[in-house]
Amino acid sequence: LKMTPYLVGNFAMVEIQAVEGAEIWVNNEIKGVSYWKGELEHGLYKIDAKKENYYTTSTTCEVGVGDTLKSVIISDLRPIYGRVDIQVSPSFSQVYVDGEYKGETPYYHDLIIGKHLVEVKSEGRASLREEIVLHEGETRKISGELRSGPVKVKIVSPLDVNFYVDEKKKGFISSSTPWIGNLPVGIHEFEFKRNGYESQKINVDVYYDGQQIVVPELQ
């Protein structure tokens with residue numbers, strides 16, 4: 001008896017594309033991030049796309065006899081929102097979230113949950129900076145006034161140096177003890193000097209309370 005069997009594969013190649021940064025799960029097993037391509041046996045599969053601070057999006061994929069390539073595209077994930085209520089004077093101050101301009105005060109809008117850096121700026125005034133962690137359904141209120149007076153600044157140096165602000169001697173910084181003091185809001189020229197070293201000049205935009213300035217390494 002002579003036999004020449006022809007075996008037909010019980011699998012197909014499956015290609016899954018999801019939004020950038022989303023994890024791809026097949027039957028509760030993680031396969032990749034943003035994109036995955038591999039073999040799956042015939043059957044019905046549950047496919048999930050998961051991303052932090054977004055609702056999970058699920059779909060199904062059936063791999064049948066005769067299939068050679070199956071393509072699944074998950075093009076969108078629905079964000080999970082909280083809300084920020086920013087009531088900072090003066091009105092029409094600029095609002096930035098994670099470095100991106102969002103609008104002017106008063107500002108009341110939805111924001112994806114998670115950690116964010118909120119900044120409120122107005123020319124000639126000290127900016128407000130606040131790190132927040134926003135939860136689902138929460139409204140986070142931020143209020144205050146942007147001052148036009150000086151702000152507190154911390155200067156840190158790896159060496160003992162004298163420093164000047166706008167060509168006027170301001171003080172001495174110890175390598176073990178930073179200098180903490182008040183400076184007017186705005187762009188200032190800082191100069192750092194130490195005997196036997198080349199002086200260093202930097203321009204710094206002083207714009208919020210608690211701002212830290214690190215002295216460049218003197219040569």
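1. Let's begin with a pair of rings. Both Phe 190 and Phe 192 are buried, where buried means under 20% relative accessible area, exposed over 50% and partly exposed in between (1.4 Å probe, protein chains only). The two form a stacked aromatic pair, 6.2 Å centre to centre with 20° between the planes. For such pairs, rings of Phe, Tyr and Trp (its six-membered ring) must have centres within 6.5 Å; planes under 30 degrees apart count as stacked, over 60 as edge-to-face and the rest as tilted.

2. A word on the source: this is a predicted model, in which local features need pLDDT of at least 70 and side-chain atom pairs count only at pLDDT 80 or more, while totals for chains, interfaces and linings use all residues. Residues are numbered from 1 along each chain as its sequence is written, and side-chain values use heavy atoms, with hydrogens and water left out.

3. The count of aromatic pairs comes to 5. In one of them, the ring centres of Phe 163 and Trp 179 are 5.0 Å apart and the planes stand at 70°, so this pair is edge-to-face. It links distant parts of the chain: Phe 163 lies in strand β16 (residues 161-165) and Trp 179 in strand β18 (residues 179-183), 16 residues apart. Strands here are DSSP runs (E, at least two residues), numbered from the N terminus.

4. Lys 50 lies over the face of Trp 25, 4.2 Å from the ring centre, and Lys 193 lies over the face of Tyr 164 at 4.6 Å. The rule asks for NZ of Lys or CZ of Arg within 6 Å of the ring centre and within 35 degrees of the ring normal.

5. Now to a sheet. An open, antiparallel sheet of 4 strands runs in the order β10-β9-β12-β13, where strands pair if DSSP finds at least two bridges between them. Its edge strands are β10 (100-104) and β13 (128-134), each pairing on one side only. Strand β9 (residues 94-97) pairs with β10 over 4 bridges, and Val 95 has Gly 103 as its bridge partner there.

6. Lys 121 and Val 95 are 26 residues apart in sequence and 6.6 Å apart in space, C-alpha to C-alpha.
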